[in-house]
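User: I'm new to this one and would like a walk through it. Could you take my questions as they come?

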Amino acid sequence: MKTAAAAFALLAATFQPQAFTREERSDLLEFSYAWPAVIGEQPRLQARLEAEMAEGRAQALLWAEEDRASRSGDFPFNGHHHATQWDTAGVTERLLSLTASTDTYTGGAHGNLSLHALLWDRASDEAVEPAALLGDEAMAALSERYCAALDAERSERRGVPVSRDDFFGDCPPLAEQALAPVDEDGDDRFERLDVLIPPYVAGPWVEGPYVIAVPFEPGELAGLPPEYRAYFEAAD
């Protein structure tokens with residue numbers, strides 16, 4: 001019996017979802033793409049990321065090939081780079097919140113960075129939009145605090161107060177950014193919304209990306225559909 005039990009445990013462990021990493025390196029392109037093990041629990045989500053990975057690799061190869069073909073002796077070709085890393089911002093019984101960064105170099109003066117977020121309904125097996133889930137009233141309240149927090153962070157980085165007349169003085173609309181509900185304490189409920197802003201959206205390249213954390217406050221979650229309310233909470 002012990003032998004059978006041990007064999008069953010080994011078999012079960014063998015089929016547990018595993019973290020995924022793909023890495024390729026050539027003179028033309030360095031490519032990597034990775035996601036955590038929880039993705040393997042959602043076949044449709046994994047298939048979506050696999051398709052995005054294939055599309056991103058094909059595009060990166062095309063750009064690298066075109067760039068190399070256009071170079072001359074005075075302007076030598078430098079290999080391109082494309083790296084995407086997905087991570088979890090929160091895993092609840094119903095919802096899986098993911099964030100990703102994509103770091104690329106395509107032959108310019110410096111690389112580029114893009115930020116992404118994805119909220120996945122594990123029951124319906126499809127993506128849901130955080131802004132639509134929270135509703136207009138909650139988004140309006142969150143937007144006010146998000147802009148204040150963003151201005152405070154920009155002022156600290158710049159050493160001067162932010163003015164709306166500055167070139168990068170506007171507050172980028174909340175609903176247009178990558179939004180990731182976060183469960184930091186692991187209690188199966190999201191207590192804040194992280195706003196992921198890449199360079200050139202809220203500030204110049206030198207300022208880097210911004211990640212603005214906006215805690216949920218009491219009353220802001222009343223507009224959530226009933227089936228999702230148990231997975232959100234106001235921050236302490």
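User: How many salt bridges does the count come to?
Analyst: This is a predicted model, and by the rule applied here the count comes to 17 salt bridges. One of them joins the side chains of Arg145 and Glu220, with N to O at 2.5 Å, and this pair links distant parts of the chain, since Arg145 sits in helix α4 (residues 136–158) and Glu220 in the segment after β9 (210–215), 75 residues apart.

User: Is Glu220 buried or exposed?
Analyst: Glu220 is buried, because its relative accessible area is 10% and the cut-off for buried is under 20%, whereas Arg145, at 22%, counts as partly exposed.

User: Which residue does Glu207 meet in a salt bridge?
Analyst: The side chain of Glu207 meets that of Arg158, again in a salt bridge with N to O at 2.5 Å. Glu207 lies in the loop between β8 (192–197) and β9 while Arg158 is in helix α4, so the pair ties together parts 49 residues apart in sequence.

User: Switching topic, what about the largest pocket, how much space lies in it?
Analyst: About 440 Å³ of space lies in the largest pocket, and of the 26 residues that line it, the closest to its centre are Arg48, Glu52, Trp86, His116 and Ala117.

User: Which element gives the largest share of that lining?
Analyst: That is β5, which contributes seven residues; by class, the lining has 14 nonpolar, nine polar and three charged residues.

User: And which residues are buried in α2?
Analyst: In α2 the buried residues are Leu45, Leu49, Met53, Gly56, Ala60, Ala64 and Asp67, and what covers them includes β1 (20–25) and β2 (29–35).

Note on methods: Residues are numbered from 1 along each chain as its sequence is written. This is a predicted model: local features need pLDDT of at least 70, side-chain atom pairs count only at pLDDT 80 or more; totals for chains, interfaces and linings use all residues. Side-chain values use heavy atoms; hydrogens and water are left out. Buried means under 20% relative accessible area, exposed over 50%, partly exposed in between (1.4 Å probe, protein chains only). Helices (H or I, at least four residues) and strands (E, at least two) are DSSP runs, numbered from the N terminus. Contact means heavy atoms within 4.5 Å. On a 1 Å grid over the protein atoms alone, a cavity is a set of points where a 1.4 Å probe fits but cannot get out, and a pocket is an open set with protein on both sides within 12 Å along at least five of seven lines; lining residues have an atom within 4 Å of a point. Grid points are joined across faces, edges and corners, and a volume is the space filled by probe spheres set on the points. Ala, Val, Leu, Ile, Met, Phe, Trp, Tyr, Cys and Pro count as nonpolar, Asp, Glu, Lys and Arg as charged, and the others, Gly among them, as polar. A salt bridge is a side-chain nitrogen of Lys or Arg within 4 Å of a carboxyl oxygen of Asp or Glu.
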